[in-house]
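Here are a few exercises to work through with the model open in your viewer. Try each one before reading its solution.

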Amino acid sequence: MVRLVWKDKGVVDYLQAWECQKKIFQEVLSGVSPDTVIFCEHPHVYTLGKSGRERNMLVDSAFLKRIGAAFYRTDRGGDITYHGYGQLVGYPILNLSHYGLSLKAYVALLEEAVIRVLERFGVTGKRMEGATGVWIGTGSSEKKICAIGVRASRYVTMHGFALNVNTDLSYFNHINPCGFTDRGVTSLQQLLEREVDMEVVKRFFREAFSRLLDGK
């Protein structure tokens, strides 16, 4: 049985959560802390991955100020994304050597955990070739429901996933989400036409992620 510590930070500033990740990363790396998963929500913020293109941010700093949103460049993989209220953000800080996982296999495991969560709500999620994350629909109607962007150093991971649960999707209008200009976004709330209990989503993710790490 995998031993994980789960920390729920509630609504927390992005930079504060990043500093928390860095601290736990060092503790996991040195072996003084167990593998840890942080759950949180962020106030409105856009983050750009290290290989992302700034042109995918479609508004300027003055506009961001008017809508109460921040913007940060990060050291994770992936392009630009949005975090906000009603979105479940998860930051697993794991030593992949404990599970015999490569970084590519770990990303696939994250995707599978989210797909299993969606199944619990009767929603079919899928992967899309050439793009990380979890998607809904087919062809031109494909929409992203979960973004994934991670990094690993000496087998220890940081950053993670952002699942749109009750998210205000209008904030995605100001970016090309994950660099895509021809794909939209969606949320559980939009798909189910009702507000979704965030605590239930967290419980489903804990169960799915733990089972997958245990090889089930």
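This is a predicted model: local features need pLDDT of at least 70, side-chain atom pairs count only at pLDDT 80 or more; totals for chains, interfaces and linings use all residues.

**Exercise 1.** Work out which residues of helix 1 are buried and why they share a side.

*Solution.* Start with the extent: helix 1 covers residues 14-30, 17 residues in total. From first C-alpha to last, helix 1 reaches 25 Å, close to the 24 Å expected at 1.5 Å a residue. Next, apply the cut-off for buried, under 20% relative accessible area. That picks out Tyr14, Ala17, Trp18, Cys20, Gln21, Ile24, Phe25 and Val28. They cover an arc of only 160 degrees around the axis, so they sit on the same side of helix 1. Remember the general rule: an α-helix has 3.6 residues a turn, so residues three or four places apart point the same way.

**Exercise 2.** Find what caps the N-terminal end of helix 1, and what follows the helix.

*Solution.* At the N-terminal end, look at Asp13: one of its side-chain oxygens lies 3.0 Å from the backbone nitrogen of Leu15, making Asp13 the cap. Then step past the helix to Gly31, which has a positive phi, near 85 degrees.

**Exercise 3.** Describe the lining of the largest pocket.

*Solution.* First the space: about 310 Å³. Then count the lining, 21 residues, with Arg76, Gly78, Asp79, Ile148 and Gly149 nearest the centre. Strand 5 (80-83), strand 8 (131-136), strand 9 (143-153) and strand 10 (156-164) each give two or more residues to this lining. Last, sort by class: nine nonpolar, nine polar and three charged.

Definitions and conventions: Residues are numbered from 1 along each chain as its sequence is written. Side-chain values use heavy atoms; hydrogens and water are left out. Helices (H or I, at least four residues) and strands (E, at least two) are DSSP runs, numbered from the N terminus. The expected span of a helix is 1.5 Å times one less than its number of residues. Buried means under 20% relative accessible area, exposed over 50%, partly exposed in between (1.4 Å probe, protein chains only). The arc is that of the directions from the helix axis to the C-beta atoms. A polar contact is a pair of N or O atoms within 3.5 Å; within protein, one must be able to donate a hydrogen and the other to accept it, and residues adjacent in sequence count only if both atoms are side-chain atoms. On a 1 Å grid over the protein atoms alone, a cavity is a set of points where a 1.4 Å probe fits but cannot get out, and a pocket is an open set with protein on both sides within 12 Å along at least five of seven lines; lining residues have an atom within 4 Å of a point. Grid points are joined across faces, edges and corners, and a volume is the space filled by probe spheres set on the points. Ala, Val, Leu, Ile, Met, Phe, Trp, Tyr, Cys and Pro count as nonpolar, Asp, Glu, Lys and Arg as charged, and the others, Gly among them, as polar.
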